[in-house]
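Dear colleague,

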Amino acid sequence: MEMTKEGLIAFSSAGKKVSVDEPFNAPGRRNRIVFDALRHAASKKIFGLAYEKKGSLYLDLKCDPARIDELVNTMPYILPGQHFTKQNWITLDINQVPSKEVLRKLVDASFQLTD
């Protein structure tokens, strides 16, 4: 699925009260990966982390720990969490996600798990 990081953030935020910031991006590190944290507006808890790496777009999402192994082993676009604990987070390769419906379900699940 083709999508820009800005489009991914807008899609993931639609219908939710969300704030976005760059908590891991010190000015001296701007030539490296820029992470955009998607947070609940009220609690500031992160439910998604969007970033580009080597020309691909990724989104880290919270996931039910009981489902992570199954998802990683059966869905080629789902990877073990790359930046948070692998026991609670997954990473999506957005270019490989088959549809917006699949992406919506995973984003909504992460949003609910972090509420």
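Across which strands does helix H2 lie? Helix H2 (residues 65-74) lies across S5 and strand S6 (89-93), and runs at about 125 degrees to S5. Axes here are lines fitted to C-alpha atoms, for helices over the stretch in contact, and angles run from 0 to 180 degrees between N-to-C directions. Contact means heavy atoms within 4.5 Å.

Please note that this is a predicted model, in which local features need pLDDT of at least 70 and side-chain atom pairs count only at pLDDT 80 or more, while totals for chains, interfaces and linings use all residues. Residues are numbered from 1 along each chain as its sequence is written, and side-chain values use heavy atoms, with hydrogens and water left out.

**Overall form**

The protein chain contains 3 helices and 6 strands, arranged along the sequence as α-β-β-β-β-α-β-β-α. Helices (H or I, at least four residues) and strands (E, at least two) are DSSP runs, numbered from the N terminus. The radius of gyration, taken over C-alpha atoms, is 13 Å, close to the 13 Å that the globule rule (2.2 Å times the number of residues to the power 0.38) gives for 115 residues, so the protein chain is as compact as a globular protein of that length. Buried residues (under 20% relative accessible area, 1.4 Å probe, protein chains only) make up 43% of the 115 residues.

**The sheet**

The 6 strands form an open sheet in the order S1-S2-S3-S4-S6-S5, with antiparallel pairing; two strands pair if DSSP finds at least two bridges between them. S1 and strand S5 (78-80) stand at the edges with a single partner strand each, so one side of each is left without a neighbour in the sheet. On average, neighbouring strands of this sheet are turned by 25 degrees against each other, direction ignored. Between S3 and S4 the antiparallel pairing extends over 6 bridges, and Ala50 stands opposite Leu59 in S4.

**Helix H1**

H1 packs on the sheet, where it touches S1, S2, S3 and S4, and its direction makes about 165 degrees with that of S3. The buried residues of helix H1 (residues 5-13) are Lys5, Leu8, Ile9, Phe11, Ser12 and Ser13. Among the elements that these residues pack against are strand S2 (36-40), strand S3 (46-53) and helix H3 (100-113). Gly15, which follows H1, has a positive phi, near 80 degrees.

Definitions and conventions. Buried means under 20% relative accessible area, exposed over 50%, partly exposed in between (1.4 Å probe, protein chains only).
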